[in-house]
Amino acid sequence: MEHSPTVALAASAMATRFEIVLYGDDPVRLRAAGEEALAEIERLDRQLSRFNPASDVSWINARAAYEPVKVEPRLFWLLRRAAEINKATEGAFDITVSPFIRIWDITGAGRVPSLGELMQTCAIVGMNHVRLDESAFTVSLDAPGVEIDLGAIGKGYAVDCAVEILRGAGIVSALIHGGTSTVYALGNPPDNDGWNIAIGRDEGTTQRLVFTLRDSSLSVSDPYGRFFEHDEQRYGHIIDPRTGEPVQCATKAVVVGPSATETDALSTALLLLGESWLPELGVRFPGFSGTILPLSGGR
Ligand code: AMP
Ligand code: MG
């Protein structure tokens with residue numbers, strides 16, 4: 001029998017669209033829980049966006065080079081987790097890369113910086129510039145220009161927070177995604193043991209994988225999710241912190257595991273570290289696994 005979702009809701013946040021579908025017997029309760037979850041995502045967008053001058057992250061970026069900035073405990077936890085993931089990914093996942101994004105102007109018209117600019121920028125990128133004081137819940141940056149950008153982990157964290165709200169409201173069957181790049185499957189839908197998520201349906205893609213998820217998350221990182229072109233070369237939005245250059249590869253990276261915060265960060269890291277890092281991913285992050293997929297048209 002075909003089941004349509006009892007309730008489907010959507011909201012714009014974090015420069016993308018979040019959607020939730022919920023199944024259950026009581027549409028009023030499902031809608032209330034879904035709306036509360038989306039409101040939490042909108043709150044997190046206001047807290048975490050580096051493009052919102054009133055966000056906590058903007059406050060850190062503006063002040064923390066001059067004095068320790070106190071942050072609320074959950075944001076402190078997220079920053080500490082980002083620092084741990086940075087270590088466990090050999091520095092590939094790095095929330096301080098935004099000065100590179102700026103010199104390449106990837107979110108604008110795009111330009112290729114000079115070697116000198118790249119080298120100057122290297123001096124203000126790296127988690128060694130960020131100090132997290134656990135006893136005071138404060139963040140310090142060791143030089144002006146050092147910045148925090150949660151673009152590769154924030155959507156996953158928002159999905160996890162939303163799932164916590166849904167669980168707290170007694171929801172046992174729901175699917176939530178942020179911009180289709182991170183999805184969390186809560187329980188299972190009617191008539192199936194899990195939620196089937198298909199990846200690789202872009203035009204020209206030969207490979208199409210279906211993941212069946214239940215109480216787990218999946219994230220995809222695409223090197224050209226955002227890009228500009230120069231001299232027939234594409235420059236995308238994922239930066240290799242070791243070189244300051246946009247990653248050039250013909251693959252997407254997929255990570256599946258129990259938490260969306262981690263799958264989001266790890267799919268970005270896996271794209272940079274490549275296939276040879278897959279065994280290490282499973283060892284360092286028990287319960288998580290990765291897949292590398294070819295991009296359509298060889299890209
Ligand atoms: P995602 O789509 O989750 O892979 O995240 C990509 C976004 O994360 C980019 O648009 C940048 O804002 C940011 N970013 C780029 N490179 C990195 C990196 N190496 N580590 C962490 N964040 C990054
Ligand atoms: Mg990510």
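Me: What should I know before I start?

Reply: In this predicted model, local features need pLDDT of at least 70 and side-chain atom pairs count only at pLDDT 80 or more, while totals for chains, interfaces and linings use all residues. Residues are numbered from 1 along each chain as its sequence is written, chains are lettered from A and ligands numbered from 1 in the order written, and side-chain values use heavy atoms, leaving out hydrogens and water.

Me: How many residues surround ligand 1, and which are the closest?

Reply: A residue is near a molecule if one of its heavy atoms lies within 4 Å of it. Here 16 residues surround ligand 1, and the closest are Ala92, Asp149, Ser221, Ile239 and Thr268.

Me: Which side chains have a polar atom by an oxygen atom of ligand 1?

Reply: A polar contact with a ligand is a pair of N or O atoms within 3.5 Å. Serine 221 places a polar side-chain atom 2.7 Å from a ligand 1 oxygen, and aspartate 264 has one at 3.0 Å from an oxygen of ligand 1.

Me: What are the protein donors of the magnesium ion (ligand 2)?

Reply: Donors are N, O and S atoms within 2.8 Å of the metal (3.2 Å for Na, K and Ca); water is not among the atoms, so sites may look incomplete. For this ion they are Ala152 (O), Asp264 (O), Asp264 (OD) and Thr268 (OG1), at 2.1 to 2.6 Å. Along the chain, their spacing is A-x111-D-x3-T.

Conventions
Polar contact = N/O pair within 3.5 Å; in protein donor to acceptor, adjacent residues only side chain to side chain.
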